[in-house]
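Please read these notes with the structure open beside you.

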Amino acid sequence: MKLRRTLLWGIGDDEKKLREAIDHSFADTIVMELEDMCPASHKRKAREFTVEAMKNWDFKGKERGVRINGLDTEWGREDLEAILPCVPDVIRLPKCETRDDVIGVDAIITQYELTHGIAQNTIELILMIETPLGLMNAYEMARCSKRVTGLGFGAGDFTCALNVDRDLTPGTVQLLYAKQKLVYSANAAGIQAYDTTVVCLPEQLDEMNAFIEADTANIKQMGFSGRSVSIMPQIDIINGIFAPSETDVARARHIIDGYQKGLEEGLTEIWVDGVYVDPPVIEKAKRTIALADAIIARHGILK
């Protein structure tokens, strides 16, 4: 289980935002952005800044990620060549559509790891699902390499491919099927799913924060493990929804203890405080405790 409730985009060479994200946020993962949110005229400078930061900055326990440009672009291969010596924790691979897209990048990374004595699959991949073709092939792509640990959804490109405007109305079902299929594909492959980000102008922040809160509660119930985020104030909103509370953790421990006591007493039907407890309930309780432990290990507090 990866602790990726929030994957914060660090835009190109925005040093101020990166410093703030590292020093003053509880983002689980910081993703340096070299692709769509980075204009062509800034890509080389952004790449140089990303390399400098990843090699020399202390990310204070936060996961270090980067989204490269696709290898079918003029920047992608150079991005990969520059980034691999930094040994990022994870690379987000954009616009994945076929198994061959993933295998090609996996082969380059594998060769680099072998050549430099790095343990195989140290550098992980999150595949960005941003087109209908990518969605249809998501499970196959998720299964073709052990370094793939997540599927991420890109709503901007996806709605563009459908030739529709993205609907940010609370409760919208516009992308419901796409998100459900992505979650099922990820979980069937034994990996996690991460939903898309929302960008807005400062004067729209209150409205978008309300949307993010409601939407994140919905995607948690779908089975997502986290989501991308572009705006700092939304980090705590998203983290709070995906994090168990101290009460949740205490309840999980109580359920496990009650179940164990029932087994020791030879019961064949075990109830804890009026709730029927069987192995799936115990598994969910263990996951709650593991998630809380991971949050505390990374950030020092359950937040």
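1. In helix H8 (residues 176-188), Leu-176, Lys-179, Gln-180 and Val-183 meet Asp-215, Ile-219 and Met-222 of helix H9, contact meaning heavy atoms within 4.5 Å. By class, this contact has four nonpolar, one polar and two charged residues. Here Ala, Val, Leu, Ile, Met, Phe, Trp, Tyr, Cys and Pro count as nonpolar, Asp, Glu, Lys and Arg as charged, and the others, Gly among them, as polar. Helices (H or I, at least four residues) and strands (E, at least two) are DSSP runs, numbered from the N terminus.

2. This is a predicted model, in which local features need pLDDT of at least 70 and side-chain atom pairs count only at pLDDT 80 or more, while totals for chains, interfaces and linings use all residues. Residues are numbered from 1 along each chain as its sequence is written, and side-chain values use heavy atoms, with hydrogens and water left out.

3. How do the axes of H8 and H9 cross? They come within 10 Å and cross at roughly 45°. Axes are lines fitted to C-alpha atoms, for helices over the stretch in contact, and angles run from 0 to 180 degrees between N-to-C directions. H8 and H9 are therefore oblique to each other; angles under 35 degrees count as roughly parallel, over 145 as roughly antiparallel, 65 to 115 as roughly perpendicular and the rest as oblique. The crossing of H8 and H9 is right-handed. A crossing is left-handed if the near helix is turned anticlockwise from the far one by less than a right angle, and right-handed if clockwise.

4. Helix H11 (residues 246-264) and helix H12 (residues 279-299) have axes that come within 9 Å and cross at roughly 140°. That angle makes H11 oblique to H12. The crossing of these two helices is left-handed. Among the contact residues are Ile-255, Ile-256 and Tyr-259 of H11 and Ile-282, Ala-285 and Ile-289 of H12. The contact of H11 with H12 has eleven nonpolar, one polar and four charged residues.

5. Helix H2 (residues 43-56) packs with helix H3 (residues 76-83) at an angle of about 15°, their axes 10 Å apart. That makes H2 roughly parallel to H3. Their crossing is right-handed. On the H2 side, Arg-44, Arg-47, Thr-50 and Val-51 take part, and they meet Glu-78, Asp-79, Ala-82 and Ile-83 in H3. Three nonpolar, one polar and four charged residues make up the contact of H2 with H3.

6. Now the strands. Eight of them close into a barrel in the order S1-S2-S3-S4-S5-S6-S7-S8, with parallel pairing; two strands pair if DSSP finds at least two bridges between them. From one strand to the next, the twist averages 25°.

7. Strand S1 (residues 6-11) and strand S8 (residues 226-229) run parallel and are joined by three bridges. Leu-7 stands opposite Ser-228 in S8. Strand S6 (residues 148-153) pairs with S7 in the parallel sense over three bridges, and Gly-150 stands opposite Gln-192 in S7. Helix H10 (residues 233-242) packs on the sheet and touches S1 and S8, its direction making about 175° with that of S8.

8. Two bridges join strand S7 (residues 192-195) to S8, and these strands run parallel. Tyr-194 has Gly-226 as its bridge partner in S8. From S7 the chain crosses through H9 (residues 205-222) to S8 in a right-handed β-α-β crossover. Right-handed here means that, with the strands pointing away from the viewer, the path from the first strand over the helix to the second runs clockwise.
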